[in-house]
Amino acid sequence: MAKNERDMMLTSPDTEVGDSGVHRSGRQKSMLRTLLMAPVELFSSVRFGIVLLAILFIYSSIGSSGVPTRLNIFNPESWAEGGQVRQWRFFELTAFQWFNWWPFTTLILLICANIIITTIRKIPFTALRLGPWIIHTGIIILAAGSIWYFGTKVEGSSPVHRRSISIQAPGEQAASMIAEPGNLVQIGTGGREWR
């Protein structure tokens, strides 16, 4: 290689000499930058966000309503006939478990990442663009709230006391008790006891 060609190659913007003396072309740097920026580009895509929202809608619909067994998806009775997917033998999940499962959390996190990156990269933070920033912040707060809620929720039954029974025995003071299986009240003493 002639000296002029070598000098041109070293000073060309397409090449760079590294510490080891090996030449790296600008094309390789561009490819590396493209590979590193691919996730950022993906998550700053509005189309990707719409796809994620559609997947979340389908996931939530299946977990909440069931699966259509007929083509009439607008008839709620046709959804109930097939049972709920979350109750199938493979899953056997309650609604709480379905929405506290890793696919739901992953979808929420992906949507949040998409909203954050898209907002920062594509919507300038100006007074005229404050509305979308506030709306997107609200969505992020709702998503974080849903993850927190399902992460800390305790599922179970709790008795709700709806009625109180008043009991009057002849010659005794009235007593009252909450109407609940297993409750007991005793009225009177000695040989005159009522339970």
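The model is predicted, so local features need pLDDT of at least 70 and side-chain atom pairs count only at pLDDT 80 or more, while totals for chains, interfaces and linings use all residues. Residues are numbered from 1 along each chain as its sequence is written, and side-chain values use heavy atoms, with hydrogens and water left out.

**Largest pocket**

- The largest pocket holds about 180 Å³ of space; a pocket is an open set of points on a 1 Å grid over the protein atoms alone, where a 1.4 Å probe fits, with protein on both sides within 12 Å along at least five of seven lines.
- Its lining (residues with an atom within 4 Å of a point) includes Ser-45, Val-46, Leu-53, Asn-114, Ile-115 and His-136.
- Two or more lining residues come from each of α3 (46-65) and α6 (102-122), and α6 gives the largest share, five residues.
- The lining of the largest pocket has five nonpolar, six polar and no charged residues.

**Packing of α6 and α7**

- The axes of α6 and helix α7 (residues 130-152) come within 10 Å and cross at roughly 160°.
- The two helices, α6 and α7, are therefore roughly antiparallel (angles over 145 degrees).
- The crossing of α6 past α7 is left-handed, the near helix being turned anticlockwise from the far one by less than a right angle.
- The contact of α6 with α7 has 13 nonpolar, four polar and no charged residues.

Conventions
Grid points are joined across faces, edges and corners, and a volume is the space filled by probe spheres set on the points. Helices (H or I, at least four residues) and strands (E, at least two) are DSSP runs, numbered from the N terminus. Ala, Val, Leu, Ile, Met, Phe, Trp, Tyr, Cys and Pro count as nonpolar, Asp, Glu, Lys and Arg as charged, and the others, Gly among them, as polar. Axes are lines fitted to C-alpha atoms, for helices over the stretch in contact, and angles run from 0 to 180 degrees between N-to-C directions. Angles under 35 degrees count as roughly parallel, over 145 as roughly antiparallel, 65 to 115 as roughly perpendicular and the rest as oblique.
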